[in-house]
Every structure is written in C-alpha cells, then in structure tokens.
Amino acid sequence: NYRCRSAFKLLEIDDKYKLLKPGFNVIDCGAAPGAWSQIAVHRVNSTGANGEFPRGTVVGIDLLRIAPLDGAHFLSNHDITDPVTHAKLLELLPGAQAHVIMSDMAPNASGFKEMDHEKLITMSLSLIDLAAKVLQTGGSLICKYWDGALAHQPQQKLSAVFRDVRTVKPKASRKESSELFFLARSYRENKIV
Ligand code: SAM
C-alpha cells in the first residue's frame, strides 16, 4: 500500500530506466507523505530485508511532517533550498554521496500558471546546486517540473553536467497536466559549467 498515488509515476520511470539499485544512496526531495520513499526503501534495500544484496540509504526531505517509515531517514520541516538542510544531508549519507536525487517537489499552486511554472523551475535549478555538493560521478537525477517558457533553463544546465538528459511523461501523470519529469543520467566528473 502506497501513501500516495504519485507512487505510480516513479514506479513507471524506474521500471523503465532502473535507476534505484540495491546499495544505492537516495535523496527524496519533497518526500511527504512518503510514497516515493517507500519505493526507494524497497529498491535500494535500505532496511536490509534482502540479506543477499547491499544495503542502501534513503533520506527524504519535506517542508511538511513526514510520518516515520522503516528504512528511511526523514528531515521533516526542512527546506531543500536551505544550506542547513544540505549540511544535514551530507551527514546522513554514507560517504557524503548520493547515487540518485529524486524530486517530486511542487510549490503550493497559486493558480497562476506562469508563476507556478517559474517557482518550480527555480526549485529545479536549486537541485542542480545540490547535485554539485552530493551527487557522485555517474549518478542520476529525476526532477518534476511544469512545462512552460523557462523549461530550457534547467534543461541546458542539466545537459552541461549530465551525459544523458531527457524529458519523460509517465502514463500515470494526468494528460491534461503540464507535469513532466527531467531524467538526467551519468553525472560527469569534468563538468562544463
Ligand atoms: N513524492 C511524494 C510522495 O510520493 O509521497 C509526493 C510529493 S508532493 C507532490 C510535493 C511535496 O513537495 C509537498 O509535500 C511539499 O511540501 C514539498 N515541497 C515543496 N517545496 C519544498 C521545499 N522547498 N523543500 C522541501 N519540500 C518541498
């Protein structure tokens, strides 16, 4: 049982691209109520339930409170754009490194499409800064955004630091919504920024 229907979007993306592997360290941005973290806990084996595979780590962050979940560390009432949050993340991640950063974050929709689009684009840009601090070479990033005039900004920035950047629209995402996901893979060591 998943805490939220958004689970099906991540399941679809990860079934196809296989980003979450046993032993991986994952950051779940905008984790409340915790469905994406539930999937990550299972797939990276962060409870150690499967003794034959390495044990991963899942750290979830949200402005809201997130109810506890076996196998996950949650930073409730934390803002992902805050450097204090970044410092705590570095402490919680083994080796201070993540293999995957995923974000289903969304600002509270104002109802003004342009404004909401801009806010979410700004948030996606801040994830690229977070990647520079914690993402290991070869790592990947999944990031929700709402399509619009500024979508090329994060797209270009991602393309400068990842080898493979694409846009995906899971079937579980409502057709009439402008919701899309950046899927960026193979984080580079020598970044062209
Ligand atoms: N993926 C989640 C799941 O499967 O349960 C659902 C995430 S929900 C669509 C978006 C979340 O992003 C909200 O809970 C919201 O509080 C959070 N959020 C928005 N801005 C944030 C920020 N700056 N830092 C942390 N979380 C944020």
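1. A residue is called buried when its relative accessible area is under 20%, exposed when the value is over 50%, and partly exposed in between (1.4 Å probe, protein chains only). By this definition aspartate 14, with a relative accessible area of 3%, is buried.

2. The model is predicted: local features need pLDDT of at least 70, side-chain atom pairs count only at pLDDT 80 or more, and totals for chains, interfaces and linings use all residues. Residues are numbered from 1 along each chain as its sequence is written, and side-chain values use heavy atoms, with hydrogens and water left out.

3. The structure contains eight salt bridges, a salt bridge being a side-chain nitrogen of Lys or Arg within 4 Å of a carboxyl oxygen of Asp or Glu. One of them pairs arginine 43 with aspartate 14, with 2.8 Å between the closest N and O atoms. Because arginine 43 belongs to helix 2 (residues 35–44) and aspartate 14 to helix 1 (residues 7–17), this pair ties together parts that are 29 residues apart in sequence. Helices (H or I, at least four residues) and strands (E, at least two) are DSSP runs, numbered from the N terminus.

4. Arginine 43 also forms a salt bridge with aspartate 15, at 2.9 Å from N to O. This pair links distant parts of the chain, with arginine 43 in helix 2 and aspartate 15 in helix 1, 28 residues apart. Arginine 43 has a relative accessible area of 23% and is partly exposed; aspartate 15, at 43%, is partly exposed.

5. A further salt bridge joins the side chains of glutamate 179 and lysine 144, at 3.3 Å from N to O. Glutamate 179 lies in strand 7 (residues 179–187) and lysine 144 in strand 5 (residues 135–146), so the pair connects parts that are 35 residues apart in sequence. Both glutamate 179 and lysine 144 are buried. A network of salt bridges links Lys9, Asp104, Lys144 and Glu179.

6. Threonine 57 is located in strand 2 (residues 57–61). Its relative accessibility is 10%, so threonine 57 counts as buried. The side chains of threonine 57 and asparagine 25 are joined by a polar contact of 3.4 Å. A polar contact is a pair of N or O atoms within 3.5 Å; within protein, one must be able to donate a hydrogen and the other to accept it, and residues adjacent in sequence count only if both atoms are side-chain atoms.

7. Contact means heavy atoms within 4.5 Å. Leaving aside neighbours within four places in sequence, threonine 57 is in contact with Phe24, Asn25, Val26, Val44, Ser46, His73, Leu92 and Pro94.
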